[in-house]
Amino acid sequence: MFNRIFHRVWEWLDDRTGLPGMIGKTAKHLVPPDAKWCYVFGSATLCAFMVQVVSGVALAFCYIPSASEAYATLQFISNEAPFGHLLRGLHYYGASAMVLMVGLHMARVFLAGSYKFPRELNWATGVLLLAFTLAMGFTGQLLRGDQNAVWTVVVAAEQAGRVPFIGQWLAHFILGGETVGGATFTRFFAIHVFIMPGFIFAFVGLHLWLVLRHGISEPPKAGKLVDPKTYRREYKELIEKSGKPFWPDAAWRDLVFCAAMIVVIAVLALISGAPQLGKPPDPGIIDATPRPDWYFMWYFAVLALLPHGSEQYFLVYGPLLVGVILIALPFVFNRGERSPQRRPWAVAIVLMTVVMIAVLWVKGVKSPWSPNFEAQPLSASVVGATNGPVFLGAQLFHDKGCLDCHLIAADGGRRGPDLTAVADRLSANQMILKIANGAVNMPAYAANLTPAQMDALVAFLQTRTIQRP
Amino acid sequence: MNEPSTEPSSGCGRASPAELSRRKFLSRLSFAAGGVGALIVMLPVAGFILAPFFKRPKEVWRSVGKVESFRIGETTAVQYDDASPLPWAGVTAHSAAWLRRMNTDTFIAFSINCTHLGCPVRWLPKANLFMCPCHGGVYYEDGTVAAGPPPLPLPRYPVRVKDGDVQIQTSPIPITK
């Protein structure tokens with residue numbers, strides 16, 4: 001009996017709104033039968049975005065985007081509000097999931113040549129969505145208003161400052177003035193909560209409309225070329241002959257994968273919560289180690305490793321060029337071979353990108369270029385002396401900052417070469433020259449050491465040979 | 001007259017020239033009205049959002065300590081507030097500088113912002129060097145670049161001694177071009 005009531009209500013709604021019928025028809029549109037697990041990443045990205053919207057709205061019930069209060073509300077959310085810690089964790093891991101999924105989705109589409117005719121605008125809108133996703137990640141980290149956020153916004157402003165002509169203006173726009181202050185947080189809140197999501201909703205709508213209009217692309221076959229004159233007819237034939245309804249024959253994979261992704265996000269959020277809050281957002285606290293969230297770590301490595309003076313090319317023109325190339329891709333290469341088996345350049349590009357990002361990411365996490373401010377004075381057993389020039393030299397090696405950048409017996413920094421066995425490579429005179437004159441990445445100590453100090457330092461370094469324990 | 005029109009028309013194929021030109025006028029009027037409405041709203045919105053482009057706060061002198069509290073030849077961290085901070089700025093209204101006393105009456109105030117990408121540099125007193133925690137920049141005690149990616153020496157803020165107080169003038173964060 002309830003079945004009948006349900007059906008009558010359903011039919012009444014369909015008559016008055018037309019929506020149930022429309023949704024039903026759309027959900028059951030035909031898709032290629034062999035589009036399987038590789039095709040889940042687009043909806044996984046959307047699902048991650050939904051997690052972000054829901055958790056973000058919840059957080060907004062408590063978060064105050066004011067420079068003076070954001071930190072206190074974040075502490076409250078993390079430590080006192082019921083489920084607050086979990087919610088922050090969901091929002092952080094949801095962001096990580098969205099970035100990961102958008103990358104996988106983009107790689108799959110690129111490798112399968114799905115961006116070709118007639119889906120050029122699917123790709124173009126997708127590239128914009130990628131940019132918006134990264135912008136959300138960046139502005140989101142800023143809103144986690146601790147000390148790291150302050151320096152993140154300063155570094156962003158300094159990068160914007162490298163843009164020709166309008167650099168200074170852009171920098172001040174980002175800061176909301178000439179320094180970090182009351183105007184900084186609020187504008188990033190407006191961007192992160194209103195402007196960017198508005199764009200995302202609009203472009204996701206357009207993106208999905210285009211997917212429905214052109215249909216899910218069939219998996220590519222080696223030798224089957226895309227010809228704009230015949231593709232639409234061939235696709236229609238394929239779909240009519242062997243297409244399956246999206247719901248439930250294909251949609252079940254999307255839903256299972258999304259559910260699994262949400263479980264992973266939730267488990268991670270439960271186990272480790274959101275990133276620990278750093279010190280309060282006080283630009284007057286000089287002791288800071290600014291770092292971006294993991295999905296930007298590789299870019300942090302780029303900033304550290306790029307050739308001196310080439311910031312404008314790597315930070316402004318480079319990304320601009322990449323953006324132009326990405327958007328132009330389907331318009332330049334909109335026909336021909338789709339299969340990755342016949343497109344070695346496409347495979348190489350994806351592999352190289354993944355390897356580059358992975359390598360730079362590892363480097364970024366280790367950040368060997370940063371001085372090791374925590375390096376402790378070398379122990380007596382390592383030094384091998386408790387008085388005399390060698391002992392004095394070891395003290396100077398720590399006090400003068402050498403240990404911040406060089407290793408002695410696995411202790412110290414990794415900016416410069418490991419000096420554990422330097423005496424096997426350099427003579428005393430060579431050492432004096434090196435220390436006095438410095439190098440591109442090493443200060444010159446000539447004015448910083450007295451002759452007696454230099455002698456002691458070299459005496460210590462001359463004891464650094466491979467035979468030492 | 002309802003004679004069939006020879007011009008291409010959108011919609012009713014029986015519209016007279018008079019009706020067509022009326023429709024053209026009405027659609028142009030609609031666009032114009034919409035445009036005026038949008039402009040009236042967008043101008044103040046754009047002005048509001050872009051305000052920092054034009055506003056320059058009046059810089060002020062801030063006291064950071066008595067002259068005697070700074071030893072000659074030493075570099076110390078000092079904190080002070082920005083010029084005219086907003087009431088809700090909280091701790092973000094703070095600024096810092098590295099103050100070095102050269103002799104009895106000369107001071108240098110270095111910006112803490114590394115000229116590479118703005119991270120706060122630390123002063124290592126025994127090493128006589130500023131070191132940046134981000135990408136490996138190092139500066140000598142006079143602010144010139146010793147090593148790493150920074151393209152320029154540490155910027156200096158205006159500093160003076162007034163009535164026995166050392167004062168630093170608030171300044172914008174130095175943005176490297």
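Tutor: Two strands pair if DSSP, which also sets the strand runs (E, at least two residues) and helix runs (H or I, at least four), numbered from the N terminus, finds at least two bridges between them. This is a predicted model, where local features need pLDDT of at least 70, side-chain atom pairs count only at pLDDT 80 or more, and totals for chains, interfaces and linings use all residues. Residues count from 1 along each chain as written, chains are lettered from A and ligands numbered from 1 in written order, and side-chain values use heavy atoms, without hydrogens and water.

Student: How many bridges join β10 to β11 in chain B?
Tutor: Strand β10 of chain B covers residues 159-162, and β11 covers 165-169. The two run antiparallel. The number of bridges joining them is four.

Student: Which residue of β11(B) is the bridge partner of B:V161?
Tutor: β10(B) and β11(B) form a hairpin. In β11(B), the partner of B:V161 is B:V166.

Student: Which residue in the turn has a positive phi of about 50°?
Tutor: Two residues lie between β10(B) and β11(B). The one in this turn with a positive phi of about 50° is B:D163.

Student: On to chain A. Is A:L87 buried, partly exposed or exposed?
Tutor: A:L87 lies in helix α5, residues 84-111. Its relative accessible area is 24%. Buried means under 20%, exposed over 50% and partly exposed in between (1.4 Å probe, protein chains only). So A:L87 is partly exposed.

Student: Which residues does A:L87 contact, leaving aside neighbours within four places in sequence?
Tutor: Contact means heavy atoms within 4.5 Å. Beyond those neighbours, A:L87 touches A:S55, A:A58 and A:L59.

Student: How far apart in space are A:L87 and A:G413?
Tutor: In sequence, A:L87 and A:G413 are 326 residues apart. In space, C-alpha to C-alpha, the distance is 37 Å.

Student: How are the rings of A:F6 and A:W10 arranged?
Tutor: Over all chains there are 24 aromatic pairs (Phe, Tyr or Trp six-membered ring centres within 6.5 Å; stacked under 30 degrees, edge-to-face over 60, the rest tilted). The centres of A:F6 and A:W10 are 5.9 Å apart, with 20° between the planes. The pair is stacked.

Student: Why are A:F6 and A:W10 about one helical turn apart?
Tutor: Both sit in helix α1 of chain A. They are about one turn apart because their separation in that helix is four residues.

Student: What about B:W123 and B:F130: stacked, tilted or edge-to-face?
Tutor: Their ring centres are 4.7 Å apart and the planes meet at 55°, so the pair is tilted.

Student: Which residues form the cluster with B:W123 and B:F130?
Tutor: B:W123 is buried at 9% relative accessibility. B:F130 is buried at 0%. Ring pairs link B:W123 and B:F130 into a cluster with B:W98 and B:F110.
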